[in-house]
Structure formats: structure tokens, C-alpha cells
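Welcome! Please take a moment to look over the sequence and the 3D structure before reading on.

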Amino acid sequence: VQIGNQERITAADAQRVAYAAKTVAWNKPQDHHENGIHPVVTPFLAARRRAKDRAFERLYRDHVHAVYRYALAVLHNEADAEDVTQTTFLNAYRAYERGERPHTPHNWLIKIAHNVCRQRFRDSSRRPREVELDDSLTPAAADDSDVPTANEIRRALGFLAFNQRAALVMRELEGRSYAEIAQVLDISVSAVETLMFRARRALREQLESGLTCREAEQTLTRLQRRDLSSADRGALRAHLRECKDCATLERRQRAYRGTLEHLGVIPLPASLATFIGGGASGGAAAGGIGLGVKIATVLAAGLVVTGVGREPLNAGATDKAVPAKRPAMRTESAAVRATESNGTQPGTKKRSSYDQRARSKRSRSSAPNGGSAGGAQQPAPTQPAAAPGGPSGGADQQPSGGPPPPALHLRVPLHQPPPIQLPEIRVQLPELPPPLQLPPPPPIDLPPIQVPPILPPPPPGP
Amino acid sequence: VIEWLLTCHEAEHALSRDLDGLLDEHGRRTLRLHLLVCDECERIAWSQRAQQSAFRSLLDVQLPTALRSFDPDTHV
């Protein structure tokens, strides 16, 4: 049986209500209560409702503090936290009226509060952000202790992703287990573990961060050269969470880098896959011949036409096959890279104030790790191959005072290209069919054309 | 010996599990060994513990007057 306030009652209760309803006709209709329960007619239901309200009031008093604390920690705004707490208990009350009785009221209420907070977080991200005056932002008295205060924790929490701060608050503030957090957030336990790890790291980075926008831009430049320590990367991540402009700049640079990297992966044509041998198909047909074979074929054809012998071809090819300049170019580029990573160029070696602060924080660490800046080594200069018969080629590479080394004759054997045997192709054309004997076309009888007589032009007028 | 070695990333992960009391004895010894040789991770460990203790200060929250009692009729 269901009555006005949607309360389910048993059959015995229904009999009592029916008995009491006999008197309802004798009462005035304006005696009805606004919530649908007539206090005279249904004193039993009214008493039950009062008992239910008392139970909910007890639930409220037991958990309102925890719900408000959770909302305040997640939203970092007292007015929002108050609204969220009221909405949470209003939703809980409606569910309570529908007959829902949670086994663990605390978890139940926190889950409702989390959903309300998430909705509030989405709404607030669409509207302009209101920043309340925070005492922690004003320069406070210097405190030597490195333990962060409550305001610092709240402020740092405000920059974390919503799920990260929710998980962190539930774990650190309420002492919930991973399983309970997973239930509230609707994720797996292993995902909660990862979420907790990332949330703690992000919070630590926010607390230790102190980069300005200019320092962040310089750090972004170093990030492109892959020249950042983990502490610098963390400081950059923290600044990008706080500063939308720098985050936009970082996204653009990343997209630009990605575009450039895509330009480098243009697929090579099959004919350029190898120099000597055939392509991946292994055959020489269909353009799979290696580039070297093609070059040799063209050269051989040219020599056959001009009548030049084979020996000069080998000699020329041997000389050209020695890549004498290649190691020198590599050495030069490696030296440039080493100079950049060492920061010896003017304007690139600028240590930010965050680094200095971080270094002073890390004063306990005595031995330097030998960061990436010190790891680069100058490569040994390579001696280029001397040209045969040319004494001046390696003169400036020799140590002064010593006897000149004997001339180095490099003979790199050139793999002789295999002889090309073109298969004899015999094409047998099919016999042409006999010409078609078409019948002569029938004569066409055209009617005679009568041309109208040409009239003389009219005489000119007066 | 390799089983006893942790990278800094693994050590930070293990540190998070240790703060939640989810690390077994072997994992705790491995983490301690890494913290002995890595100053940066030791600093991170100290910082994480300080954060955890600082979170307790968030418990001192005064309830607003409007939330002292619940009256559904006024909220509706």
C-alpha cells in the first residue's frame, strides 16, 4: 500500500489506517497538514515520520563534520563546501525517505559528497574563477621549518586534478583504505594505487615549486634539448598546473615538435631500400633493383657506348667509395652538442632561482650526482684518410716535431656488381582477324533544295 | 643483487606504498637500501612524510553555524 508521502506500510498498518480513516469525514478538510499527513487521522504515521527524522538528524550530527571537511579540502572554498554539504545531506535525506538504508553511512555520505563536489567542480571550471583573499598568499613571517602548513597544503591541493585531490583527502584525511576509495571513485584498486602515487608526487611538486613564467620558458627550452633533471621537470610540471598561459605555450611547442617528428618518418621508396642488392621482394623485377645496381648499369652502358675500359671505372669508384668527410662532420656536430649541454655558450647557462633554492634545500646531499651537463665528453678527433700521393692532406694533424707517418693507402674493395643477364623475351603476337567486309551503304535520296531569290537592296531614303 | 636494486621511479612508487602501510618486509628493505645510496630519493621520502603529517592540520575545521542542524524544510 502506498499513500501520499510514498511510505510503504504493512497490511496491519493498512487496517489501522482504514479504521482511522472513518473519522476523516467528520473532520474539516483544512485540518490537513501540508506534508500530506493528517495529524489527527494518522497519528501512527506521523509518529513514524518523527522517528525517521530523528534518526536522520542523528546521522547528520554524526557525519556533517566529516562531509564538510572533505568538501572544504577538495574544493578549497568555504562557501562551496557549505553548499556541497547541504546538497549532500538533502540528497541523502531524499534517498532516506525512499527507504534507502546504507550499511556504512560514512562511505555512503562521502560518495554522495564526492559526486556533488565533482558536479560543482565542473560547473566552476566553466565560470570565471573566484579567488578569495588568502592569508597564506601574503608574505608571512619566515618559518625555518620545512613542514608545510595547512594553508599551503590547501593551496597546493587546489592545483591538483580533481580525482587526485579527492583520493589524497580520502586517504590522508579520513584514513580510508584503497578499496573504499576505489568504491567511491568507481575505479580499480590498482588504479587507486597509481592515483595516490601521482597525487603525492604532484602535491610535493606544488609545494616545492617556485618557478616564474620566464624561468618556466627557459626550462621548456631545455626540455626540448632533453637537458632536464627530474627535479627541474617536476618544477616545470608544477608551474604548468598553475599558469594557463605557460601550459598553452607548452602544448603548442609539443605539437610543433610532434609535427617535425612526423616529417622525419616519410617512408622510403622501395627502389632506395638497399644500395647493392635487390629490394625486400628479393627479385630484380618491378623496380626492386638496388640503387647501386642501377648506377652500375647506367655506367656500364655509358662505357660500352664510349668504348672506355673497365680499369679506370674501378679506380674511380674506389676513390669515391671512401667517405673521408663523414667522420669529421660527425665529430663537429658532437662537439656542438657537447657545448650546448655544458652550457658554455653565452646566454644559455643561466641557473634559475628555483634551482638555487632547490640546491639549498638539498644541502644534505653531499655528493653531486653528476648531472647531464657534466656527462658530455669531447669525442676524440678522428684522423681523416690521406689522399694517395698528396702529402699536404694530413700535415696539420701530425704532432709537431715527430717524423711524418708513412702515407696511408686505403684501398676499399668495391663489390663488383653481378653481371646483368636480361632474359630473352620472345613475344608472339596473335594473328590479326581478317578485315570485316561491310556492305555498301544504301544511297540517300535527298530532296532538292530550293534557294530563295536574292532581292536587290532597297534604295537609300531621302 | 639486481633484485635489490630500485630505480628512483620505483623507489618513489614504493615510498607511496610504504606511507600507506602496503609494503612488505622485503620491499621495505629494498627501499631502505635505495634511500641509503640516493640522496634525492631520501629528500623526497622526508618531504612525503612531512606532507602526511601536515595533512593532519586540515582536521581542525570549524563547522559553519548554518550547518549546526539539519532541517529539510528549510533546505528545500
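This is a predicted model: local features need pLDDT of at least 70, side-chain atom pairs count only at pLDDT 80 or more; totals for chains, interfaces and linings use all residues.

Let us begin on the inside. In soluble globular proteins, nonpolar side chains tend to be buried together. Here the largest nonpolar core has 58 residues, and Tyr70(A) and Leu157(A) are those with the most contacts inside it. The largest share, 13 residues, comes from H2(A).

Setting aside residues up to four places away in sequence, Leu157(A) touches Ala73(A), Arg165(A), Leu168(A), Val169(A) and Leu203(A), along with Phe55(B) and Leu58(B) from chain B. There is also a second, separate core of ten residues, among them Ala14(B), Leu23(B), Cys38(B) and Ile44(B).

**A serine facing chain A**

Ser16(B) is found in helix H1 (residues 8-19) of chain B. Is Ser16(B) buried or exposed? With a relative accessibility of 4%, Ser16(B) counts as buried, because buried means under 20%. Beyond residues up to four places away in sequence, Ser16(B) touches Tyr178(A), Met196(A), Phe197(A) and Arg200(A).

**Salt bridges**

Over all chains, the count comes to 19 salt bridges. Three of them are listed here.

| Side chains | N to O distance |
|---|---|
| Lys111(A) and Asp186(A) | 3.7 Å |
| Glu172(A) and Arg200(A) | 2.9 Å |
| Arg43(B) and Glu208(A) | 2.9 Å |

Take the pair of Lys111(A) and Asp186(A), which meet in a salt bridge. Lys111(A) lies in helix H4 of chain A and Asp186(A) in the loop between H7 and H8, so the pair ties together parts that are 75 residues apart in sequence. Lys111(A) is partly exposed at 27% relative accessibility, whereas Asp186(A) is exposed at 61%.

Glu172(A) and Arg200(A) also form a salt bridge. This pair links helix H6 to helix H8 of chain A, 28 residues apart. Glu172(A) is buried, with a relative accessible area of 9%, and Arg200(A) is buried at 2%. Arg200(A) is also one of the residues that Ser16(B) touches.

Finally, Arg43(B) and Glu208(A) meet in a salt bridge. This pair crosses between chains, from helix H3 of chain B to helix H8 of chain A. Arg43(B) is buried at 10% relative accessible area, and Glu208(A) is buried at 12%. Salt bridges that share partners join Arg43(B) and Glu208(A) with Arg204(A), Glu12(B) and Glu40(B) into one network.

Notes. Residues are numbered from 1 along each chain as its sequence is written. Chains are lettered from A and ligands numbered from 1 in the order in which they are written. Side-chain values use heavy atoms; hydrogens and water are left out. A nonpolar core is a set of buried Ala, Val, Leu, Ile, Met, Phe, Trp, Tyr and Cys residues joined through side-chain atoms within 4.5 Å. Buried means under 20% relative accessible area, exposed over 50%, partly exposed in between (1.4 Å probe, protein chains only). Helices (H or I, at least four residues) and strands (E, at least two) are DSSP runs, numbered from the N terminus. Contact means heavy atoms within 4.5 Å. A salt bridge is a side-chain nitrogen of Lys or Arg within 4 Å of a carboxyl oxygen of Asp or Glu.
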